[in-house]
Amino acid sequence: MNIYNIAERILKNIPEGLSDLEKARFVYLELGKMVSFNEEYCFGNSKIKNKIYKSQTKIEDLKNIKDNKIICVSLSNLYNCMMEKIGIKAVQAHDINDSRHAYSEFEIEGKRYKADLQRDLHFIQTRSRTWEFGEIDVSVAESKVNTEEIEVKTNSVTGLV
């Protein structure tokens, strides 16, 4: 199944009655189960990494992702696109210390949230606690969302209970 069909399936399966934050978390978890980090990028030399990064930054359509292999920049684009489809504006952001690493930021009810799906892929795929989905608070570097509360609602649908 290609990534476009996966994305459409995730969006169709969002449970009824979830808040916007719960929907964002549902999409985050489901997408994280269905993609893989591009090992060529991970283990490649700098020339290969640059080539892959450059090609991934150009991905604006879900149909352009092949083999479900992605890196941070294409994954944040994909997540942001899916968030837009459920009515939540999301933008790509970059680490201050690593300008190439990309993640998503979105806002719900005046609160800003960070969603770094690439860094949570391993945790999602091993059904472990995630660490990179959380509220951004300017007075504190970062505070986390109580994901256990959200997962009680969404896990019954995804079969992780």
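This is a short walk through one protein chain, from its overall layout to a few individual residues.

Let me say at the outset that what we are looking at is a predicted model, and I will keep to what can be read from it. The chain has 161 residues, and buried residues make up 47% of them. It contains seven helices and seven strands, and if you follow the elements from the N terminus on, their order is α-α-β-α-α-β-α-β-β-β-α-β-β-α. Among the contacts in the chain with a separation of 6 or more, 53% are between residues 24 or more positions apart.

The largest nonpolar core has 32 residues, and the ones with the most contacts inside it are L31, Y79 and F106. Several elements each supply at least two residues of this core, namely α1 (3-12), α2 (20-34), α5 (72-85), β4, β5 and α6. Of these, α2 gives the most, with eight residues. There is also another core lying apart from this one, made of seven residues, among them Y53, I71, C72 and V73.

To see how the main core is held together in terms of contacts, take Y79 as an example. Leaving aside its neighbours within four places in sequence, Y79 is in contact with A24, V27, Y28, L31, S104, F106, A115, L117 and F133. That list includes L31 and F106, which, together with Y79, are the residues with the most contacts inside the core.

On the α2 side the contact is made by Y28, L29, L31, G32 and K33, and on the α6 side by L117, D120, L121, I124 and Q125.

Now to the strands, and to β4 in particular. Which strands pair with β4? On one hand there is β3 (residues 90-94), which runs antiparallel to β4 and is joined to it by five bridges; within this pairing, A90 has F106 of β4 as its bridge partner. On the other hand there is β5, which also pairs with β4 in the antiparallel sense, over five bridges, and here the bridge partner of I108 is K111 in β5. Strand β4 is mostly covered, with six of its seven residues buried.

The side chain of E105 makes a polar contact with the side chain of Y103, at 3.5 Å. Beyond four places in sequence, E105 touches K89, A90, V91, A93, R112, Y113 and I136.

Not counting residues up to four places away in sequence, H101 touches C72, A93, H94, D95, D116, Q118 and R119. As for C72, the C-alpha atoms of H101 and C72 are separated by 6.3 Å, while the two residues are 29 residues apart along the chain.

Finally, a word on backbone geometry. Most residues other than glycine have a negative phi. Which residue in the turn between β4 and β5 has a positive phi? The two strands form a hairpin with two residues between them, and E109 in that turn has a positive phi of about 50°. E109 is exposed, with a relative accessible area of 80%.

R127 is another case, with phi near 55°, a positive value in a residue other than glycine. R127 is found in the loop between α6 (117-125) and β6 (133-137), and R127 too is exposed, with a relative accessible area of 61%.

Technical notes. Residues numbered from 1 in each chain as written. Predicted model: local features only at pLDDT ≥ 70, side-chain atom pairs only at ≥ 80, totals over all residues. Heavy atoms only, no water. Buried < 20%, exposed > 50% of the residue type's maximum accessible area, 1.4 Å probe, protein only. Helix = DSSP H or I, 4+ residues; strand = E, 2+ residues; numbered from the N terminus. Core = buried A, V, L, I, M, F, W, Y, C linked by side-chain atoms within 4.5 Å. Contact = heavy atoms within 4.5 Å. Pairing = 2+ DSSP bridges. Polar contact = N/O pair within 3.5 Å; in protein donor to acceptor, adjacent residues only side chain to side chain.
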